[in-house]
Amino acid sequence: MAESTTYERIETPVLIIGAGAAGLRTAIELAQSGIRCLVLGKRRHGDAHTRWAAGGINASLGSLDAEDRWEIHAADTLREGHFVCDPRAVELLARHAPDRVRELQAWGCDFSRTEEGGINQRYFGAQSFRRTCFVGDRTGEAMLRTLVERARALEIPYRENTFVTRILVDDGRARGAVGFDMDTGRFLAFSAAAVVLAAAGHTALYRRSSSREDENTGDTVALACGAGAVLRDMEFVQFHPTGMIRPPEMRGRLVTEAVRGEGGRLFNASGERFMERYSPEQMELDARDVVARAIYEEIQAGRGTPGGGVRLDISHREADFIRERLPKIYGQFREQGIDITREPMEVAPTAHYAMGGVMVDFDTGATTVEGLFAVGEATAGVHGANRLGGNSLAETVVFGQITGAHLAGDLALTGTSVPPVGEDLVREEITALSRLAAADGEHEPRELVGELGVLLWDHAGIVRTEEGLGAGLATLQGVGRRARSLATAGTAGTEGLEWALNLRSMLLAAEMILRGALLRSESRGAHYRSDAPETRAEWRKSILYARNADDTLRLRTEPIPEPPSSVQAALDESHELDYHHLE
Ligand SMILES: Cc1cc2nc3c(=O)[nH]c(=O)nc-3n(C[C@H](O)[C@H](O)[C@H](O)COP(=O)(O)OP(=O)(O)OC[C@H]3O[C@@H](n4cnc5c(N)ncnc54)[C@H](O)[C@@H]3O)c2cc1C
């Protein structure tokens, strides 16, 4: 870590923190409208989490099921979000996803085709029709490659290995950010006319997660909250039903829903196809929360495998079909000596997606702080209490385009001149970072992060109780106390500082999850309270989270508006997946 507290000053009309599909799609829209921006990410270009997305992106193209339309996509999203989604967000998502998918194809994304040459679509859980467009099981990788190529063609600058630690807010307006170069340790101060937060979620908080361990570490929560923005839905964390359970270094790694979408069946250790008991109509393709809870209950009841999971089997399908549709999963298990064309996979639930995040106005991407915008997994409201598989990739490009277009229009009116950020604000953050980097206390940040993972898994996991959440909060206080004495100095490069910052963000996200889950005294979607198993009409509202001046948190609730009449009509028609197509 650099000894000096000197820093490099960088000016840009728009600063975009995050280079996944959401950040890049925003940048592309700005560049196409003639507005310059700078995109930052913690890794090299093209290596954001989006690259890991596997199964596909939803859009009601009706390539195979001509009856599908955007209103039914919206209705499915609201129903599976258990009616606490922002209806306007859902409407925009479902209306615009077809255009965004066709646009990706026009830019070179190589979607699988039907025999007639249209974009192919597969089944995904809890959707009325085949709506999920895909590139084998490497959809995110193909999408991100397309967006990176487009961004490069538009000469959008990208700064890699950059860790943003604070958004600078002066006089109530976001004016830039401070961070450091993860290669050199050099401090960086960015000034901007507008800042877009696209730094994704916080599922790495959990002991078993489908994220890489240093991604989805809650940076969005800390950055937004530090800037004074309001967050929502933090109590809702999605557990994907099927993650790998071994070897240890692959624990939690996703086994895409596409396996079940292509006909994969779940069995307990006695060979029983147990989804017949939990969801006889939709079986393995019921919503993620339903399937994850079913697997959890099988394991808890002692009907799991000796490794602590259940079996997912697709070997009844042709080997060539499996290798063509699921090449990544085929390879992932082949490396472990398992041939999924002949034998089942051992799987268990894994923390997968944060429905909670920054509250925004979805027509503009604006947060509650002037000059600060948010997009992608960083935001909350599209998915409510439970995300439909395939909706997140759709969210990144739909709201990236909307936010970029709004900002471009705004800046065309107000101008792109960049007022310099206050020297005192920059110095304050850099001094705090220098102290943290040199901390010579007792506790390794990474060890405390590990403890947090166990705490969250045990106390705020698939099944929650008032008692467990209360105990979790008490334990969290202890971890928080120890986090005041960190041993960061002496680690190579900036690694110690990075983990100390991850810990800081994760402590905040953990407190929000635990307190929100305690407050929500009902069960809804991914939030299941075994001591309050009913969904309660009076809880059809969001929990909002904000920071008080003394750094404590305040929680309040807000009612959810009704959906537009066309979407309500689609809800009333009650479309349902005909699962037995797959049999
Ligand atoms: C294994 C897996 C499979 C998935 N499969 C699907 C699927 O099939 N369909 C679907 O719809 N969704 C899927 N998802 C979810 C989906 O991939 C993500 O929600 C989506 O890609 C998020 O995109 P994003 O642009 O918001 O964030 P990301 O792609 O996660 O990008 C975040 C960016 O922010 C940067 N960043 C973070 N913190 C900082 C900081 N402090 N300073 C600077 N930069 C920072 C990161 O470096 C990165 O560039 C999957 C997720 C996983 C984990």
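M283 counts as buried, with 20 C-beta neighbours inside 10 Å (buried means 20 or more other C-beta atoms within 10 Å, exposed 12 or fewer, and partly exposed in between, with C-beta atoms placed from the backbone). This is a predicted model, in which local features need pLDDT of at least 70, side-chain atom pairs count only at pLDDT 80 or more, and totals for chains, interfaces and linings use all residues. Residues are numbered from 1 along each chain as its sequence is written.

M283 is found in the loop between α7 (275-278) and α8 (288-300); helices (H or I, at least four residues) and strands (E, at least two) are DSSP runs, numbered from the N terminus. The phi of M283 is positive, near 50°, in a residue other than glycine.

## Further backbone features

Most residues other than glycine have a negative phi, and most peptide bonds are trans. D171, which is not a glycine, has a positive phi of about 55°. D171 lies in the loop between β7 and β8 (173-181) and is exposed, with 8 other C-beta atoms within 10 Å.

The peptide bond from R246 to P247 is cis, with omega near 0°. P247 belongs to the loop between β11 (237-244) and α6 (258-261).

## The helix pair α13 and α14

The axes of α13 (residues 445-459) and α14 (residues 466-482) come within 9 Å and cross at roughly 170°. Axes are lines fitted to C-alpha atoms, for helices over the stretch in contact, and angles run from 0 to 180 degrees between N-to-C directions. The two helices are therefore roughly antiparallel to each other (over 145 degrees; under 35 is roughly parallel, 65 to 115 roughly perpendicular, and the rest oblique).
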